[in-house]
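What follows is a walk through one protein chain, taken element by element and then residue by residue. Please keep the sequence and the coordinates open while reading.

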Amino acid sequence: MAPALLGFDHIHVYVRDRAAAEQWYAAVLGLERTPALVFWSAGGGPLTLQDASGTVHIALFERPHQPTRSTVALRVSGREFRAWRAHLKAVAGLSVTEEDHEASVSLYFHDPDGNPY
């Protein structure tokens, strides 16, 4: 049985001009920089934006134009993260990689259609 999920953490959004995109998301959706994660945007990391309640997050990645493709990030607790790692690694044929981003630790995998999680 799959471990519990706490909700969606954020969606990766690929943009050509992160500064222009930040202005658009602020004006149109009311999203502002996530103060605790501003440091993460240096050196090509994501610029994370959130709504006023801190419950809706997107991560802006500056990249050359490419076909639209979003990465879905799911939120779990530390204990559940370990359970998910074991669960996903037990799925036959599923390739799972782990990466420490300093501000978070991620497990990466794709569904059968190539959609990234």
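In this predicted model, the buried residues of helix 2 are Glu-80, Phe-81, Trp-84 and Leu-88. Viewed along the axis of helix 2, these buried residues fall within an arc of 105°, so they line one face of the helix. The face turned away from that buried side carries Arg-79 and Lys-89, both of them exposed. As for what the buried face meets, the buried residues of helix 2 pack against strand 6 (97-100) and strand 7 (105-108). The length of the helix can be checked as well. Helix 2 runs over residues 78-89, and its 12 residues should span 16 Å at 1.5 Å a residue; the C-alpha atoms at its ends are 17 Å apart, which agrees.

Helix 1 can be read in the same order. Its buried residues are Arg-18, Ala-21, Glu-22 and Tyr-25. These cover an arc of only 105° around the axis, which puts them on the same side of helix 1. Gln-23 and Ala-27, on the other side of helix 1, are exposed. The packing partners of the buried residues of helix 1 are strand 1 (7-15), strand 2, strand 3 and strand 4. Helix 1 covers residues 18-29, and its 12 residues reach 15 Å from the first C-alpha to the last, close to the 16 Å expected at 1.5 Å a residue.

The protein has two helices and seven strands, and along the sequence they follow the pattern β-α-β-β-β-β-α-β-β.

Individual residues show how parts of the chain meet. Ile-58 sits in strand 4, which comprises residues 57-62. Is Ile-58 buried or exposed? With a relative accessibility of 10%, Ile-58 counts as buried, because the limit for that class is under 20% relative accessible area. Residues up to four places away in sequence aside, Ile-58 touches His-10, Ile-11, Val-13, Tyr-25, Leu-31, Leu-47, Thr-48 and Leu-49. Strand 4 is in turn one of the strands against which the buried residues of helix 1 pack. Glu-98 is 40 residues from Ile-58 along the chain, and their C-alpha atoms are separated by 21 Å.

Ser-41 belongs to a loop, the one between strand 2 (32-33) and strand 3 (47-50). Despite this loop position, Ser-41 is buried, at a relative accessible area of 12%. Apart from neighbours within four places in sequence, Ser-41 is in contact with Arg-18, Pro-46 and Leu-47.

Ala-4 is in the segment before strand 1 and counts as partly exposed, with a relative accessibility of 45%. Which residues does Ala-4 contact, leaving aside its neighbours within four places in sequence? They are Val-76, Glu-80 and Trp-84; of these, Glu-80 and Trp-84 are buried residues of helix 2. Ala-4 and Glu-62 are 58 residues apart along the chain, and their C-alpha atoms are separated by 32 Å.

Asn-115 lies in the segment after strand 7. At 36% relative accessibility, Asn-115 is partly exposed. Not counting residues up to four places away in sequence, Asn-115 touches Arg-69, Phe-109 and His-110. The C-alpha atoms of Asn-115 and Ser-70 are 7.8 Å apart, although 45 residues separate the two along the chain.

Some totals describe the chain as a whole. Of contacts between residues at least 6 apart in sequence, 54% join residues at least 24 apart. The protein has 117 residues, and buried ones make up 32% of them. Its C-alpha trace spans about 45 × 30 × 25 Å along the principal axes. The accessible surface is about 7600 Å², with 56% of it belonging to carbon and sulfur atoms. There are 10 positive and 13 negative charges, and the mean positions of the two groups are 4 Å apart.

Technical notes. Residues numbered from 1 in each chain as written. Predicted model: local features only at pLDDT ≥ 70, side-chain atom pairs only at ≥ 80, totals over all residues. Heavy atoms only, no water. Helix = DSSP H or I, 4+ residues; strand = E, 2+ residues; numbered from the N terminus. Expected span 1.5 Å × (residues − 1). Buried < 20%, exposed > 50% of the residue type's maximum accessible area, 1.4 Å probe, protein only. Arc of directions from axis to C-beta. Contact = heavy atoms within 4.5 Å. Areas by Shrake-Rupley, 256 points an atom, 1.4 Å probe, with all protein chains shown as cover. Lys, Arg positive; Asp, Glu negative; His and termini not counted. Charge placed at Lys NZ, Arg CZ, Asp CG, Glu CD.
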